[in-house]
Amino acid sequence: MSKLKVVVAGAGFAGLETAFLLRHRLHEKVDLTLVSNESDFSFRPNSIYIPFGSDEQDLKIPLVEPTTRQNIRLMQASVQDVDPITKTLYTDGGRLTFDKLIIATGAGMRPQEIPGLDRFGATIWTPKAMRQLGVAIERVISRAQEGKASTMLFLIPPNNKCAGPLYEIVMMTETHLRRKGVRKSVKLVWTTSESSYVQAFGPRLHELVTEEFANRGIEGHVAKVVREVSEASVSFADGDVIPYDELVSFPPYVAAVSYPALPGDDRGFIATEFESRRVRRHEHVYAPGDAGDFPVKQAFLAFLQADAVAEDIAADVLGHERPRVTFDPVSMCVMEQFDKATFAQVPLRLTGDPKRPVEVRPDAGRDYRVGSSPTWRLGKKLLGLYLPMRFRAGEPFHAGAAWQMMDVGLKAMSGVLAH
């Protein structure tokens with residue numbers, strides 16, 4: 001019998017996790033091709049350190065290393081479209097046919113949705129944007145050293161799908177300014193369109209962030225919907241106008257690639273079946289991670305979706321009635337603050353309400369954990385070492401003895417340092 005031909009489009013968290021787990025589970029029973037428009041995988045969660053002096057090269061893993069190790073064909077090309085009927089993926093480097101297709105081309109940013117944002121605001125997404133933010137922070141420090149006051153305004157607009165990194169940046173910035181001895185000269189203002197802080201992750205994280213902002217002297221505002229950005233101020237839908245010297249924003253999300261032949265929403269995110277991440281009405285196509293329609297775009301959730309995809313395909317190949325794992329959205333994250341870090345484990349469910357699409361499960365109980373401690377910085381560093389190590393070797397994040405040890409360690413820490 002011929003091998004199942006699987007094409008993975010996209011080499012971010014979801015794409016690599018799916019490819020590596022398929023090889024781990026099915027060995028040579030599948031023929032794997034990875035399509036990526038980049039030659040490197042970039043460990044984007046640690047790009048938060050770039051504005052404070054880290055080298056972006058440290059975040060990159062050349063894709064040729066793990067793909068060669070795992071006998072995965074690597075094609076460097078940009079995805080253009082897919083025909084799910086003829087099972088053909090179109091790229092600028094040619095077309096590929098498939099038996100199974102995993103679309104993991106991720107999300108992009110569209111600051112142009114907010115008038116003036118792309119012109120006047122620094123953003124956080126790409127390494128280039130993070131370098132520019134570093135320059136803005138240095139401007140603030142230089143002004144303070146000259147005896148001049150500054151206001152830094154942080155902005156989460158509607159349709160941002162993962163606000164967590166900007167929460168990290170504002171608190172890292174506060175710690176950094178303190179250590180530079182200029183904190184008193186800088187006013188930090190936070191505005192978000194969310195109805196509560198880190199809205200998707202529920203009341204415990206809102207309470208923790210509220211306390212952190214108060215302790216750090218960060219002026220925080222929720223339910224502030226931006227209307228327009230000008231050179232020195234931001235106007236909001238409620239009529240407020242907030243002046244700034246430096247503006248930092250995490251822009252609205254859109255799908256990185258549009259697929260007209262597939263069902264999706266008005267932002268291009270592909271409609272999927274919840275547990276398997278199969279594309280609706282197309283059983284041979286999957287969309288894990290940021291390309292799909294789960295409302296929260298986050299690395300750990302992308303891993304969980306990728307695992308569900310790989311196990312669904314493995315069950316099909318091995319003739320099992322059901323996959324070993326389906327998508328269960330229990331998010332886990334560690335948010336850096338430089339002087340400490342915050343851990344959150346959050347069981348989520350869909351609500352069906354576009355204004356609040358996810359919520360903490362009412363029956364989450366002790367599985368809903370939140371806590372802050374300097375010790376959690378160790379957890380952040382361990383994850384930052386573990387994941388690149390696994391991907392460099394062509395191994396999945398959630399598999400094997402290494403993950404079991406990491407999982408045990410995180411659970412032990414959360415039992416002591418979170419509640």
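# A walk through strands, helices and rings

Start by selecting strand E7 (residues 88-91) and strand E8, which run antiparallel and are joined by four bridges. Two strands pair here if DSSP finds at least two bridges between them, and the elements themselves are DSSP runs numbered from the N terminus, with helices (H or I) of at least four residues and strands (E) of at least two. This is a predicted model, in which local features need pLDDT of at least 70 and side-chain atom pairs count only at pLDDT 80 or more, while totals for chains, interfaces and linings use all residues. Residues are numbered from 1 along each chain as its sequence is written, and side-chain values use heavy atoms, with hydrogens and water left out.

Stay with E8 and show Leu 96, the bridge partner of Leu 89.

Next, select strand E9 (residues 100-103) and strand E21 (residues 282-286), a parallel pair joined by two bridges. Ile 102 has Tyr 286 in E21 as its bridge partner. On to strand E20 (residues 278-279), which runs antiparallel to E21 and is joined to it by two bridges. Val 279 is bridged to His 282 in E21. Two residues lie between the strands of the E20 and E21 hairpin, where Arg 281 takes a positive phi near 75°.

Another open sheet of three strands comes next: select E15, E16 and E17, which follow that order and pair in the antiparallel sense. Strand E15 (226-229) and strand E17 (241-243) are the edges, each pairing on one side only. Three bridges connect E15 with strand E16 (residues 233-236), and Val 226 stands opposite Phe 236 in E16.

Time for helices. Which residues of H1 meet H7? Select helix H1 (residues 13-26) and helix H7 (residues 299-318), whose axes come within 8 Å and cross at roughly 35°. On the H1 side you will find Phe 13, Ala 14, Glu 17, Thr 18, Leu 21, Leu 22, Arg 25 and Leu 26; their partners in H7 include Phe 303, Asp 307 and Ile 313 (contact means heavy atoms within 4.5 Å).

Then move to helix H5 (residues 164-179) and helix H6 (residues 202-216), which pack at an angle of about 25° with their axes 11 Å apart. That angle makes H5 roughly parallel to H6 (angles under 35 degrees count as roughly parallel). Residues of H5 including Tyr 167, Met 171 and Arg 178 meet Val 209, Glu 212, Phe 213 and Arg 216 in H6.

Finish with the rings. Phe, Tyr and Trp rings (Trp by its six-membered ring) pair if their centres lie within 6.5 Å, with planes under 30 degrees apart counted as stacked, over 60 as edge-to-face and the rest as tilted. By this rule the count is 23 aromatic pairs. One of them, Trp 125 with Phe 250, is tilted, at 6.2 Å centre to centre and 40° between the planes. These two residues, 125 apart, link distant parts of the chain.

Key
Axes are lines fitted to C-alpha atoms, for helices over the stretch in contact, and angles run from 0 to 180 degrees between N-to-C directions. Angles under 35 degrees count as roughly parallel, over 145 as roughly antiparallel, 65 to 115 as roughly perpendicular and the rest as oblique.
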